[in-house]
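Visitor: I'm new to this one and would like to learn how to read it. Could you walk me through it, starting with how the chains meet?

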There are 2 protein chains.
Amino acid sequence: MQLWFHEEDNGLKFSYKIKDVLYRERSAYQSIDVIDTEAVGKMLLIDGLVMITESDEFVYHECIAHIPALAHSNPRKVVVIGGGDGGTVRELLKHPSIEEITLCEIDDKVIEASRRFFPEVSAGLDNPKVNTYIGDGVNYMKNHEPSTLDLVIIDSTDPIGPGEGLFTKDFYSSVAQSLKSNGLMACQSESPWYGSESLQRIFDNVAGGFGHYRPYVAPVSTYPRGYWSWTLASKEAWSVGDFDFDRLELFADSLSYLNKDLLAAVFSLPQFYKKKLGLL
Amino acid sequence: MQLWFHEEDNGLKFSYKIKDVLYRERSAYQSIDVIDTEAVGKMLLIDGLVMITESDEFVYHECIAHIPALAHSNPRKVVVIGGGDGGTVRELLKHPSIEEITLCEIDDKVIEASRRFFPEVSAGLDNPKVNTYIGDGVNYMKNHEPSTLDLVIIDSTDPIGPGEGLFTKDFYSSVAQSLKSNGLMACQSESPWYGSESLQRIFDNVAGGFGHYRPYVAPVSTYPRGYWSWTLASKEAWSVGDFDFDRLELFADSLSYLNKDLLAAVFSLPQFYKKKLGLL
């Protein structure tokens, strides 16, 4: 018997041959599954969509964590919304300046599944610098003390289901309010190959909360179409020249995607993507 | 009834919902099919593998053509090996300095299919600067007059089947011999996500023919894992600073992937890929 997992996306299907089904859970919010695949190792699924795989989670987590952390001159206090697998926290902990990370995850079953099946991804969650708060990210940010954070990282699922509220203008405004004047937000912002309407909605909402935003891109082979974007947003103007390139050297050996060259290169966007975002 | 086309790759499957099967041909060398899909428009398949799709052929063709053409100070005489769909020729014709392009394609049925179903890709094949030669690329390059070409572009299928000979050290050596001292070769060099053994074999062979080589990368959503590489090779040292960035402006409006930023950024390689190639 051959078992395959399929992820379908408007007339496209991405399928993985399964070695083993390791975990199946229905939480209060979503379905959570862990499968072991021939091609990409273990895989965490939420509502039937690929969240992380052993083969390429490093691209996603290095991009969502180190780009904002190195774009900031001295990040100390950080909030991560979503990201219950722990990969973003693992990368943030490589920055010695970071003193406190609060992980706000709505679903403790995601954390539980990651601790059990992805110990290399979730290990950082036990670090004394990390506080885990189980609750809704929208409320958490709405009620956060203003002007106190250096970085907020939105490590969310897609803008459907429980993640929907994390893509609204109101949410981005409350994130902006929680940040110090030189604070930065990074969020995952879907695939550049998606339709311009859905992409523009995200960027219009980010722009509604922040004065400045810069999308950036990298290949994540197990996300739809193999190519993903994140967005760095700030209240003050920011440019690639503001990166602390040298700080990357502190942990360069631990990275599998980023290097000094790519810190700048991820902000070089294809023409077709710029057109979709109205940046041409 | 739902029809789907599947491309399988070691425990991974990429599938496309089919609107229509437009063409099915078995040539002397390979099977050639054209299908119309919901997600990515019309698609040309060779031996069941995706060659081009309407949705993203521009990324592949802009990268394989403009990177070498703008890396050269004054390209005039060009040979394209493979590339019977005509997309590489279409892009090369945007360079006013190019006086002559010889397309050497082994299978005239590929050209026929492209002319019939992909008129926007194949249009350049009728340009008076273009000569079409139907024959084997390995023999063509072996017998080519030495030191006469400015660019040779290897727009081949994968290193299995008819394309296999286009990845050997002997072949790359004959390409190097056909080039003037400042001549450049560009070839497609598979996905950075592939295993290091198969990737290293390609680069070892390129290095055997040329003193210098520089891989570069871009997202092609319909190739396995959505991320592809090409390699620029030369007998003389070459660096990104040698690009004629301004020449891009002559046809910048016609491009959907490349821009000045990306000319340099495509050479910024992920750490995992550098490790596979022994570049770290």
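Guide: Let's start with a term: a salt bridge is a side-chain nitrogen of Lys or Arg within 4 Å of a carboxyl oxygen of Asp or Glu. Before we use it, note that this is a predicted model, where local features need pLDDT of at least 70 and side-chain atom pairs count only at pLDDT 80 or more, while totals for chains, interfaces and linings use all residues. Residues are numbered from 1 along each chain as its sequence is written, chains are lettered from A in the order in which they are written, and side-chain values use heavy atoms, with hydrogens and water left out.

Visitor: How many salt bridges does the rule find across the interface of chain B and chain A?

Guide: The rule finds 0 there. Polar contacts (a pair of N or O atoms within 3.5 Å, one able to donate a hydrogen and the other to accept it, with residues adjacent in sequence counting only if both atoms are side-chain atoms) are another matter. Across the interface of chain B and chain A, 12 residue pairs are in polar contact, both at pLDDT 80 or more.

Visitor: And which elements of chain B supply at least two residues each to the side that touches chain A?

Guide: Helices (H or I, at least four residues) and strands (E, at least two) are DSSP runs, numbered from the N terminus. In chain B, the suppliers are strands E1 (4–9) and E2 (12–26), plus helices H1 (57–71), H8 (260–265) and H9 (271–276). The largest share, 6 residues, comes from E2(B).

Visitor: How do I read the size of an interface?

Guide: It is often given as the accessible area lost when the parts come together. Here buried area uses a 1.4 Å probe and is summed over both parts. Chain B and chain A bury about 3000 Å² between them, with 59% of it on carbon and sulfur atoms. Lys13(B), Trp193(B) and Gln271(B) supply 17% of the area that chain B buries against chain A, more than any other three residues.

Visitor: How many residues does the contact take from each chain?

Guide: Contact means heavy atoms within 4.5 Å. By that rule, 38 residues come from chain B and 38 residues from chain A.

Visitor: What joins strand E2 of chain A to E2(B)?

Guide: Two strands pair if DSSP finds at least two bridges between them. Strand E2 (residues 12–26) of chain A and E2(B) run antiparallel, joined by 5 bridges. Phe14(A) has Phe14(B) as its bridge partner.

Visitor: What about the sheet within chain A?

Guide: In chain A, 7 strands form an open sheet with mixed pairing, in the order E8-E7-E6-E9-E10-E12-E11. Strands E8 (130–134) and E11 (212–218) of chain A stand at the edges, each with a single partner strand, so one side of each has no neighbour in the sheet. E11(A) pairs with strand E12 (residues 228–234) of chain A in the antiparallel sense over 7 bridges, and Ala218(A) has Trp228(A) as its bridge partner.

Visitor: Which helix touches E10, E11 and E12 of chain A?

Guide: For angles, axes are lines fitted to C-alpha atoms, for helices over the stretch in contact, and angles run from 0 to 180 degrees between N-to-C directions. Helix H7 (residues 196–209) of chain A packs on the sheet, touching those strands, and its direction makes about 140° with that of E11(A).

How values were computed
Buried area is the accessible area (1.4 Å probe) that two parts lose on being put together, summed over both.
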